[in-house]
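I want to jot down what I look up, one item at a time.

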Amino acid sequence: MRLTRSQSRQRNRDALIDAALVEMADRGYQQARLDDIAERADLTTGAVYSIFGSKRNLLLAVVARHADELDGLLAELSDPRLSLDEVLTGCADAFYLVATASDARRRFAFELELAGLMLRDPTVMSLTTSDRLAKLLVGRDGHVTAEQAEQLAPALAALLGGLVNRAVLEPGTVDQEYFRRSALALTCLLRT
């Protein structure tokens, strides 16, 4: 079956994002070359410029996909009927899935590179993981205010991110239940 022009462009876009993630995780953003990214995707450097316009725009597309994938894992937690405990354990489960995925080491390397880029250029990522989590926490159990959610979300993001790091760097040292118990322990922050 022949692909339409739009389908072909989307396939090429996806291939370049996949290749850029690998190259940037392996070499870092500064050292990753568009020629190598294009070659890894079986495309030309011209395709990178045609689709993304620049290396920075390609990076932003990788970041956007990364964020979309996390949003996909967290999507069912937006149900307002879920309790705070259900949302916290659901977040823990999502991060545990990320930590145990077959490409977890590569994604971890990319996130480390991204953190350095964000320090130098805060516009690289406009909506952080904390912002995403805060939106899920507001109104839970009829009492989590926006202010409380904004205070709890960075702690949850840092905790779960740290557990992902540990699970990637020291496989087998933390299990899913540990992720869950740790997330639930943060409810004590709401009582202060």
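Predicted model: local features only at pLDDT ≥ 70, side-chain atom pairs only at ≥ 80, totals over all residues.

Entry 1

Entry 2. I looked up Tyr49 and found it in helix H3, which covers residues 45-51. Is Tyr49 buried, exposed or partly exposed? It counts as partly exposed, because its relative accessibility is 45% and that class lies between 20% and 50%.

Entry 3. Next I checked who touches Tyr49. Setting aside neighbours within four places in sequence, I get Leu34 and Ser54. Leu34 is 15 residues away from Tyr49 along the chain, and their C-alpha atoms are 9.2 Å apart.

Entry 4. On to helix H4, residues 55-74. I tested its length: 20 residues at 1.5 Å a residue should span 28 Å, and the end C-alpha atoms are 29 Å apart, so the two agree.

Entry 5. I listed the buried residues of H4, and among them are Leu58, Leu59, Ala61, Val62 and His66. Lys55 is on that list too. What covers them? The cover includes H1, H2, H3, H5, H6 and H7.

Entry 6. The axes of H1 and H4 come within 9 Å and cross at roughly 95°. The two helices are therefore roughly perpendicular to each other.

Entry 7. Which residues meet there? On the H4 side I have Leu58, Leu59, Ala61, Val62 and Arg65, and the H1 side includes Arg13, Leu16, Ile17 and Met24. Sorted by class, this contact has 9 nonpolar, no polar and 4 charged residues.

Definitions and conventions. Residues numbered from 1 in each chain as written. Heavy atoms only, no water. Helix = DSSP H or I, 4+ residues; strand = E, 2+ residues; numbered from the N terminus. Buried < 20%, exposed > 50% of the residue type's maximum accessible area, 1.4 Å probe, protein only. Contact = heavy atoms within 4.5 Å. Expected span 1.5 Å × (residues − 1). Axes fitted to C-alpha atoms, helices over the stretch in contact; angles between N-to-C directions. Parallel < 35°, antiparallel > 145°, perpendicular 65-115°, else oblique. Nonpolar A, V, L, I, M, F, W, Y, C, P; charged D, E, K, R; others polar.
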